[in-house]
Amino acid sequence: MRLVPVKTFEPKAEVILRGVPASAGIAIGRAFVFFENKPVVEQQQLSAAEIPREIERLREALQKAKDEVMLDQNIALEQAGEAAAQIFEVHHLILNDPEFFGRVEGEIRGQACNADFAFHELMQNYVSQLLKQGGFFSHRDTDFQDVEHRVLRHLQGDRGAHLSKLASGAIVVTEDLAPSLAVLLDRHKIRGFATDFGGINSHGVIIARSNGLPAVLGLQEITKRCTTGDRVIIDGDEGVILLNPDENTLNWYQKKQVKQLEARSRLGYLRDLPARTRDGRDIELAANLEFADEVKLVRENGAQGVGLFRTEYLYLDKVEAPSEELQFETYYRIAQEMKPHPVIIRTMDLGGDKVPACVKSGPEPNPFLGWRAIRICLDQPELFKDQLRAILRANVLGNIKILLPMIAGVDELDKALALIEQAKRELTKAKKPFEPNTEIGVMIEVPSAAIMADLIAERVDFLSIGTNDLAQYAMAADRGNGRVAHLLMGFQPAVLRLIQQVITAAHRRGVWVGVCGEMAADQLATLLLVGMEIDELSVNPIDVPKIKKIIRDISFDEAKELADQVLEFSTSKEIHDYVKPFMRHKFKDMLA
């Protein structure tokens, strides 16, 4: 008898990968590589006898893909509400297109080829035609790719890494954090994210951050270096991923994680306390709201209101715009649940990567610098006034404010204000109750608006600085592009000076100023913004306690001294190297 040597498997060596820190915290778990086995499509010639079975195989795969999308949509509905579930409407639209799949069956018969090849080839042309139509189908590349992968995986007998296979304690490893994946987040199973690509302020990342899930992006090859089941540590504070850590590394990070969790749990007592500095300066601390269903989180975390409700998610993936009545009911419910605290409703910030069917838009070479937000509203006033009337009516409770996005200058603002007055007259004529003195604010996210902040402030009740867009426009760096993410990280002196300029200009005219971008939730930025005399901060609900803790443990005088010093620096590295040690010394438990 010949003896066969028994194979032994060496444990995998520890690997350290560095990327972009996108969502803070420590996560330890097992890798779940999403779409790790991308379908490989090759043409195969079939005999006449094989064609009927091949068509049947296509129909079976199509039905499985439909069932899978329905399952994902139900998960999204449960996890994040109706608006999030609407992301999957485009999937249904394609999977239920009888004309397209009739052509696929015709291709199988005519070319005597395998179903996956016929589907793949026709899908490429189908997607190209839809993208050329613009409007509803603009910027849906990720959704189209998702549909194609689902059908091909089922055709090839592999469900792949579908989320229904998630085990508890999963670290999701994927190329990019698409919105259709982000809305399926289940905090009972998913502990964090690691991606090859992606920008720190992309929509998917914002959703992950709002759920308190650590994330590191821009790792370039994490999907190639990692396999499902590998042990993974995410350090979302430093932007580090450790694959297959040894026992010493694992123990060290487990202790760090425990310290962070203990620090967070100790913040529960702050829920009903004001965000007030030691020397008595009050900062209004509010929360950003993605979906109406998240109001409970806002209250649970002790926010003093909603500083930004992103209404565009009422419009996305809908063929028809939401009616005035539907919008009224949504806004009224939020205002009622938050009363007496304020609710700032941003009018639809559509365009860019958010183009619904109700907006007649064609392809643009650079959509983020094109027709979006207030520009769409001014060009389609009836669509805009539907929303304005709904907001004005919902404010009969008296705690809603209107926020106008992407205002570039006084001309645009004056036109928007004129439409608000027109909406009021229409409500008066229709004898519908509304609040005529609803406060109006402007988002400062375009550098030209920051420069003109003094004149803009004369016309409105408040300003809210959107640091995400302000930074990307000031630094000429796409916030969804991982290659230029370094330009949006830390504290860019130019961006800080613009923020200070806006605050100073507004205060001279007796107008209060808030920050509703991601900078507001950056623990290192809190002290700076307080020292720059900001009046309000609006952050993800889960970030409210830690920001409140920082505000309550500092004096305005020391914050002012720090901010004055920082504004003298000329590079982001100088600022970071000055602020981080100061904050780590002062808040050892929170920034360990």
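**Questions on a predicted model**

Modeller: At 35% relative accessibility, Gly229 counts as partly exposed, and this value, like the others here, comes from a predicted model.

Colleague: In which loop is Gly229 found?

Modeller: Leaving aside its neighbours within four places in sequence, Gly229 is in contact with Arg30 and Ala31. As for its own place in the chain, Gly229 is found in the loop between α9 (222–225) and β7.

Colleague: Which strands stand at the edges of the open sheet, and why is one side of each left without a neighbour?

Modeller: The open sheet has eight strands with mixed pairing, in the order β1-β8-β7-β3-β4-β5-β6-β2. A strand at the edge has a single partner strand, so one side of it is left without a neighbour in the sheet. The edge strands are β1 (15–18) and β2 (20–23).

Colleague: What is the bridge partner of Val20 in β6?

Modeller: In general, strands of a sheet pair through backbone hydrogen bonds, either parallel or antiparallel. Strand β2 is joined to strand β6 (residues 215–217) by three bridges, and these two strands run antiparallel. Within this pairing, the partner of Val20 in β6 is Leu217.

Colleague: Which helix packs on the sheet while touching β3, β7 and β8?

Modeller: The helix touches β3 (26–33), β7 (231–235) and β8 (240–243), and its direction makes about 120 degrees with that of β3. This is helix α10, residues 247–265.

Colleague: In the barrel, what is the bridge partner of Ile465 in β15?

Modeller: Eight strands close into the barrel in the order β9-β10-β11-β12-β13-β14-β15-β16, with parallel pairing, and the twist averages 25 degrees from one strand to the next. Strand β14 (residues 462–465) is joined to strand β15 (residues 512–515) by four bridges, and the two run parallel. In β15, the partner of Ile465 is Val515.

Colleague: At about what angle does helix α19 run to β14?

Modeller: Helix α19 covers residues 493–508 and lies across β13 (439–444), β14 and β15. Relative to β14, the helix runs at about 175 degrees.

Colleague: At what angle do helices α12 and α14 pack, and is the crossing left-handed or right-handed?

Modeller: Two packed helices are described by the angle between their axes and the distance between the axes. For helix α12 (residues 324–338) and helix α14 (residues 381–394), the axes are 8 Å apart and the angle is about 40 degrees. The crossing in which α12 passes α14 is right-handed.

Colleague: How many of the residues in the contact of α12 with α14 are charged?

Modeller: Residues of α12 including Phe328, Tyr331 and Tyr332 meet residues of α14, among them Arg389, Ala390 and Ile391. The residues of this contact divide into six nonpolar and two polar, while those that are charged number five.

Colleague: Which residues have the most contacts inside the largest nonpolar core, and how many residues does that core have?

Modeller: Leu537, leaving aside its neighbours within four places in sequence, is in contact with residues including Ile283, Leu285, Val515 and Ile551. Together with Leu404 and Leu463, Leu537 is among those with the most contacts inside the largest nonpolar core, which has 107 residues.

Methods: Residues are numbered from 1 along each chain as its sequence is written. This is a predicted model: local features need pLDDT of at least 70, side-chain atom pairs count only at pLDDT 80 or more; totals for chains, interfaces and linings use all residues. Side-chain values use heavy atoms; hydrogens and water are left out. Axes are lines fitted to C-alpha atoms, for helices over the stretch in contact, and angles run from 0 to 180 degrees between N-to-C directions. A crossing is left-handed if the near helix is turned anticlockwise from the far one by less than a right angle, and right-handed if clockwise. Contact means heavy atoms within 4.5 Å. Ala, Val, Leu, Ile, Met, Phe, Trp, Tyr, Cys and Pro count as nonpolar, Asp, Glu, Lys and Arg as charged, and the others, Gly among them, as polar. A nonpolar core is a set of buried Ala, Val, Leu, Ile, Met, Phe, Trp, Tyr and Cys residues joined through side-chain atoms within 4.5 Å. Buried means under 20% relative accessible area, exposed over 50%, partly exposed in between (1.4 Å probe, protein chains only). Two strands pair if DSSP finds at least two bridges between them.
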